Amino acid sequence: MRAFGYDIDELVVDHVLLAVVPVVLGLVIALPLGWWAHLSPGARRVLVPLSGALYTIPSLALIVFIPLVLGTPILSPVNVGLTLIIYTVALLVRSVAEALDAVPDTVTTAAVAVGYRPVGLLLGVQLPLAVPVLTAGLRVASVSSFSLVTVGALVGIQSLGTLMTDGFQQDYTAMVATGIVGSILLAFVFDALWLALGRALTPWARARQGV
Amino acid sequence: MTRSPRALLLAALAAVGVLLAGCGGNSDPLATQPAAPSAQGTVRIGSANFTENRLLAEIYATALEQKGVAVERRFGIGSRETYFPALQRGEIDLVPDYTGNLLQFLDPQATATASDQVYQQVGAKLPPNLQLLPQSAAEDKDAVVVTRAFATQNNLTSIEDLTRLCPTVSFGGPPEFQQRPYGIPGLQRLYGCTFKEFRALDAGGPLTVAALRDGTVQAADLFTTDASIPQNDFVVLADPRSNFAAQNVVPVINRAKTSDPRVADTLNQISQRMDTAQLTALNARLAGPDRPDPAQVARDWLNSAGIR
Amino acid sequence: MLGRLVDWFGDPTRWSGSAGIPARVLEHLGYTLLAVAIAAVIALPIGALVGHTRRGGLAVVGVANGLRALPELGVLVLFVLLLGLGLLPPTLALVLLAIPPMLAGAYSGVAGADPGAVDAARGIGMREHQILFGVEIPAAVPLVLGGVRFATLQVIATATIAAYVGLGGLGRYIIDGFAVRDFPQMLGGALIVAVLSVVVELVLQTLGRLVTPGPDRLRLPSARREPAPTPAPIPSREARP
């Protein structure tokens, strides 16, 4: 599909990749960090405020500093991707720790009693029980990621944000509006996906509701 | 444009690896360092973040594609301070640029203002991996612009006339205008003009036009080929002391990409056929109420110029 | 790089005048305060009312999530194209950003008030508005403050975009620095934003402790644990009947 002089399909694909890949990677990084914060009060005292501070760095500044620190190419989408990974980790570390905290002691004690070791306990018992809280955190990270990807357009990284910056330059309201609506729709589609995924991973919750 | 999802994913994964390893990196991103080379023969075309430059880049891209050259479009990168380092590092291969501003970017002390002289000096000062192709007669200069009413009321035709008013005038332009040699420093040096304030807006975009129209600023930096100047009946002030150097459109290209003779031939044809009046008309068409697709405008112009 | 950053901060002209750091910080705080105040006036009453009546909760959650999905940059330029220059477009964009956390905080705080206490209040003949103001809102204070704090921090980080459409604030350093690739200026701007966020967070936490009813207010800072987080949005399995 072509509109406003752009291949919209391509912008959509770029937008989705740039928004989703970092969120997934961010979750992968946040899980062990969150687990560590859950186990160690000392780690938590450092990790939670640190991730809060990371979240306050303006996105444009992060996008421009990453090449400065890591030597990545200036025009690389990786700069936007890494920025979003940082925000996702910042958002999720605390969620993960709190999700694990919320698993009742009786459950963990029972699991340990039947022979679960720490890693097995995490993967086999605590994480599955934490899925609902994790899903909630992931959804927030995902929605804001879809919105933040658009900032990359300021430095020439393509996404639906390109319609916003270029539409602005051309004083073209319909083009800007298309970018906004598209970005929101994509965010909603993936929000529904995460929700469905979370439900699929917790069949017992549905069974209970059915009772 | 082709950007494979897998490549992006791999790049992201690699980047995470680097991050996790805690590696520090290069502390100066402007330092020349090798970027991933483009696929053999593919010309990666960049552009600045304003409409005319994007259109010129699109004209280059369309014409090269028609000749069978593979291209990749990287448009809207930002100001010269951003796209030029990318060009230098080989992240992009070709941009449509403007001689005068490019010269001052390469050498802030440069004083040449005449077209040929500027062109020659740019060629001499360009990094060795880059090459200047022949310039076009088409020119798009920065200019100090005021509203018709303000010009009439204060009897203004040139920047010299503005000098006595400067301490009461708010001036609007893109953020980079505040520091560039031909910007606020140049107006101060050549015309002794110190404005009441500088408002950082955008590069010849809707902010600057709106600010000039509604009186937020009394004078502004716009481009001479900008369709908004005739549309709003703005007045371009003459520049008798040549603060703004000649600004001919010129393709700047990575030397490695000139081995294919089709590339330079095509770009030279475009530069030969383009002139200032046509460029102004193209801008006006892009800003028209029917909002044509820039790719279509580029194709139409290439057809009318007999380049195919 | 670090040296250039120190130079940037050390330049005496950086500390005075309309483009100096104090002026930019004040502008930035001004935009933030304006947006958060307007958003609070809109979001807190609606959230509290919906939480009290327990009707329309789904709609509130839906609206809050919908607003979160708005791409801030796009919304900002759209408002500028529609409304023109000035303070209004960026303020509106920031208000939309600040509403969801405050709406959610007010709603979940009021709705989450101890049902036993609410029933008891109703039992002793308190009117609905008395229940709302006397029982539910005091119980909601921690969550409301959490929402206000989160909203404020988000607005501080995002108010930088006001500079993209020609206004001031700390974003000026980031946008101007970006235009000429002046990294010390960008880094300086980002650092000030981060420091400002931390300071505002501390101030709001202290204020929060002072106005929170109950034993929490007596807790000394050194003894304080991480402020009670938003209760996990998913009820634990034990809580279900």
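**Reading the chains, their contacts and their records**

Guide: Chain A has nine helices and two strands, where helices (H or I, at least four residues) and strands (E, at least two) are DSSP runs numbered from the N terminus. This is a predicted model, in which local features need pLDDT of at least 70, side-chain atom pairs count only at pLDDT 80 or more, and totals for chains, interfaces and linings use all residues. Residues are numbered from 1 along each chain as its sequence is written, while chains are lettered from A and ligands numbered from 1 in the order in which they are written.

Visitor: In what order do the elements of chain A run from the N terminus on?

Guide: The order is β-β-α-α-α-α-α-α-α-α-α. The C-alpha trace of chain A spans about 65 × 45 × 20 Å along its principal axes.

Visitor: Which residues of chain A does the UniProt annotation "transmembrane region" cover?

Guide: UniProt positions are given in the numbering used here, with feature names shortened, and annotations may be inferred rather than shown by experiment. In an unreviewed entry, UniProt annotates residues 16-39, 46-68, 74-93, 114-134, 140-160 and 172-197 of chain A as "transmembrane region". Residues 114-134 of chain A are 81% helix and 0% strand, with end C-alpha atoms 26 Å apart. Residues 140-160 of chain A are 43% helix and 0% strand, and their end C-alpha atoms lie 20 Å apart.

Visitor: Where does UniProt place "domain: ABC transmembrane type-1" in chain C?

Guide: The unreviewed entry puts that feature at residues 29-204 of chain C, a span with 82% helix and 0% strand whose end C-alpha atoms are 14 Å apart. For chain A, UniProt lists "domain: ABC transmembrane type-1" (unreviewed entry) at residues 12-194; this span is 83% helix and 0% strand, with its ends 19 Å apart by C-alpha atoms.

Visitor: How many residues of chain C are in contact with chain A?

Guide: Two residues are in contact if their C-beta atoms, placed from the backbone, lie within 7 Å. On that basis, 36 residues of chain C are in contact with 36 residues of chain A. On the chain C side, the elements giving two or more residues are α3 (57-68), α4 (72-83), α7 (128-158), α8 (171-179) and α9 (183-211). The largest share, nine residues, comes from α9(C).

Visitor: How does the side of chain C that touches chain A divide by class?

Guide: Ala, Val, Leu, Ile, Met, Phe, Trp, Tyr, Cys and Pro count as nonpolar, Asp, Glu, Lys and Arg as charged, and the others, Gly among them, as polar. That side has 25 nonpolar, six polar and five charged residues.

Visitor: How is the packing of two helices described?

Guide: Two packed helices are described by the angle between their axes and the distance between the axes. Axes are lines fitted to C-alpha atoms, for helices over the stretch in contact, and angles run from 0 to 180 degrees between N-to-C directions. In chain B, the axes of α4 (residues 99-106) and α5 (residues 115-125) come within 9 Å and cross at roughly 40 degrees. The two helices, α4(B) and α5(B), are therefore oblique to each other; angles under 35 degrees count as roughly parallel, over 145 as roughly antiparallel, 65 to 115 as roughly perpendicular and the rest as oblique.

Visitor: Which residues make the contact of α4(B) with α5(B)?

Guide: From α4(B) come B:Thr99, B:Gly100, B:Leu102, B:Leu103 and B:Leu106, and from α5(B) come B:Val118, B:Tyr119, B:Gln121, B:Val122 and B:Lys125. By class, this contact has six nonpolar, three polar and one charged residues.
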